[in-house]
Amino acid sequence: MRSFAAAVVLVSATTCAFAQESKVVLKEGPGRDKAMQCIACHSVDYIQMNSRFLDKTGWTASINKMINVFGAPIPKEDVETIAGYLAQHYGKSGQK
Amino acid sequence: MKSQKGTASRRAFVAGLAGAGALGLAGSLRQALAAPVGGTAELGLAELPDGALAEQYLYALPGKLPLIKKTYRPPNFETPVEYFRTPITPNKAFFVRYHLAGIPQVKAGDWSLAVSGDAAERDLKFSLAQLKRDFKPAQVTAVNQCSGNRRGLFEPHVPGVEWGVGAMGNAVWRGVRLKDVIAKAGVKAGAIEVVLDGADHAPLDKTPDFVKSLPLEVAMRDETLIAFEMNGEPLPHWNGFPARLVVPGWTGTYWVKQLMSVKIVTQPEKNFWMSTAYRLPRGKFATPTFKSQLYAPNEPITAIVVNSLITSLKSGQQVARGKPIKVKGIAWDGGSGIDRVEISGDLGASWQRAALGRDLGRYSFREFSLDLPGRDSGALVVMARATNSAGETQVSELIHNPAGYHHNVIQRLYVEVV
C-alpha cells in the first residue's frame with residue numbers, strides 16, 4: 001500500500017539488513033554490468049539461488065517476466081546480453 | 001569446485017536411495033554428513049540447486065536469531081530444522097518471506113485498518129486500540145506455511161525462492177476475528193471475496209502491489225483472525241507487526257502482513273498475485289476449490305497438504321548397534337487434523353504407528369515419536385508418513401507443478417548402524 005508507505009519514515013529496520021547484500025557478488029564477465037540493473041528491485045542472490053538449472057531460454061523468460069510483469073526498466077536491447085551472461089555463469093551447462 | 005563435487009555426490013547419494021539396492025554408499029555417506037547449511041539431502045529428501053546451497057548461510061535479521069538466508073532484498077529467510085523439535089516455533093526463529101522490498105517500519109500508534117468495498121454497507125476505519133477495545137479477542141494455534149515450502153527440492157528445479165523445509169512455522173496467534181470486523185461494516189448481497197492489502201510495496205510504481213483475496217466464506221470462519229500477537233508477544237516486525245491476517249489451514253500467501261485494508265467485493269480480485277501467481281494446474285491436488293477464481297485453466301492454491309518432518313535423525317547418521325533408534329518429528333495438514341503418523345525402517349515394506357503428542361488443535365503441528373528396535377550392524381532407511389483425518393496421506397513421488405507448490409514427498413533417511 002503505497003500511500004501509507006510514503007507517509008511513514010522509511011528509515012526502516014530493513015536498511016541495515018539490506019546493506020549486507022553488498023557481500024553478494026556476481027561473477028566477472030561481459031554483460032555483468034547490464035545484469036546489475038536487477039538491483040533496482042532485488043538483491044542479486046536471487047540469481048545464484050536460481051542456478052544452475054536454467055538455460056538461456058529459461059533466463060530470457062525470467063528477465064522478460066521482470067520487464068513485462070514487474071515493470072523492470074530494462075531496455076529491450078539489453079535482454080539478450082543479460083540472458084547470455086546469466087546462461088554462461090549461472091546457467092544449466094554454463095561455466096562452473 | 002569442491003562444494004560442487006560434494007553436491008554431485010549428495011545427488012548421487014539421494015538418487016541411490018530411491019532403490020533398496022543402495023544401502024552401502026559409505027563414501028557418499030561422508031559427503032552427506034558434511035552437508036552445507038540448510039541442505040535437504042541430509043533430511044532424506046532431494047537436494048537444493050547447487051547455486052542456492054552455495055549462496056545460503058546463517059544470518060540474523062534485526063530482532064531475529066540466525067536463520068538461513070535465501071535472499072537479502074526482499075528478505076527471505078528460512079527456519080533451521082532444529083527449531084522444529086518443539087511444536088511451537090519461537091518468534092525469533094520464525095521464517096521471513098516477502099515479495100516486495102519496500103517494508104515500512106510501522107508504529108502501532110500510526111497504524112489503522114480501513115474496511116470498505118463495493119459490497120460493504122459502510123466504510124470504517126479502526127486504530128489498533130479500537131480493534132482491541134471493540135472486538136472480542138480470539139486465539140488459534142496454526143501452522144503458517146509458505147506455498148513454496150520445499151520448492152528447492154523439485155526435480156526438475158523450478159525458478160523461485162529455492163526453499164528447503166523451513167518456510168513454515170507454528171504459533172499461537174491472538175487477535176480479533178476478521179468476521180466480526182466485516183460484520184461491523186455490513187455485507188451486501190452479492191459479496192463473494194474479501195480483498196486484503198498490507199503496507200509493503202515495491203520499489204517501482206509499475207510492479208503489481210501484493211494484494212490477495214479470500215473467498216467470503218473463508219474470511220468469515222471463526223478461526224480467521226486479524227492477529228496482533230504471536231506466542232504471547234507482539235508480532236515481530238518481519239512477521240507483520242502490528243497486525244496480520246491469520247488464515248488457519250490455508251497457505252501463507254493469504255496471511256497478509258502489516259494488514260492495512262480489507263475490502264468486501266462482488267467481483268473476483270484479478271491482480272497478478274491472484275490471477276497468475278500462486279496457481280496450480282487443475283485437478284492435481286485434492287485441496288478445496290476457490291470458486292470465484294476459476295476463470296483460467298489453472299486455479300489458486302488453497303489449503304496446506306498433509307506433511308511431516310523427521311527432526312531427530314539426519315541422513316548419513318550413525319547409530320549404535322542394539323540401541324533403539326528414536327524417530328521423532330512433527331506432522332501437520334490443512335485443518336482436518338493428523339490421524340496417524342507411521343514409521344518404516346525397511347524402505348516402506350512395513351509401517352508402525354508412532355505415538356502422537358499433545359493435540360494443540362487441528363491447525364497445529366502435531367508431534368510424533370517412535371523407537372525403532374535396536375539392530376545389528378548394517379544400514380536402514382527410515383521414513384515417516386502422515387495421514388490426516390480425511391484419509392489423505394503423503395506421496396512417495398513428487399506431484400510436479402510449474403510454480404513448485406505442495407511438496408509433501410515422504411523422507412527417506414539413510415541410517416547406518418555401527
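Two residues are in contact if their C-beta atoms, placed from the backbone, lie within 7 Å. By that rule, 33 residues of chain A are in contact with 42 residues of chain B. This is a predicted model, in which local features need pLDDT of at least 70 and side-chain atom pairs count only at pLDDT 80 or more, while totals for chains, interfaces and linings use all residues. Residues are numbered from 1 along each chain as its sequence is written, and chains are lettered from A and ligands numbered from 1 in the order in which they are written.

**Where chain A touches chain B**

- Helix 1 (2–7), helix 2 (13–18) and helix 4 of chain A are the elements that give two or more residues to the side of chain A that touches chain B; helices (H or I, at least four residues) and strands (E, at least two) are DSSP runs, numbered from the N terminus.
- Helix 2 of chain A provides the largest share of that side, five residues.
- The residues on that side divide into 18 nonpolar, 10 polar and five charged, where Ala, Val, Leu, Ile, Met, Phe, Trp, Tyr, Cys and Pro count as nonpolar, Asp, Glu, Lys and Arg as charged, and the others, Gly among them, as polar.

**Chain A**

- Chain A has six helices and zero strands.
- Of its 96 residues, 33% count as buried, a residue being buried if 20 or more other C-beta atoms lie within 10 Å of its own, exposed if 12 or fewer, and partly exposed in between, with C-beta atoms placed from the backbone.
- Among the contacts in chain A with a separation of 6 or more, 64% join residues 24 or more positions apart.

**Helix 6 of chain A**

- The buried residues of helix 6 of chain A are A:Ile82, A:Ala83, A:Tyr85, A:Leu86, A:Ala87, A:His89 and A:Tyr90.
- Their cover includes helix 3 (32–35), helix 4 (45–49) and helix 5 (56–68) of chain A, together with helix 3 (50–55) of chain B.

**A sheet in chain B**

- Five strands of chain B form an open sheet in the order 6-5-14-9-10, with mixed pairing; two strands pair if DSSP finds at least two bridges between them.
- Strand 6 (124–127) and strand 10 (211–215) of chain B each have a single partner strand, so one side of each is left without a neighbour in the sheet.
- Strand 9 (residues 193–198) of chain B pairs with strand 10 of chain B in the antiparallel sense over five bridges.
- Within this pair, B:Asp197 stands opposite B:Val211 in strand 10 of chain B.
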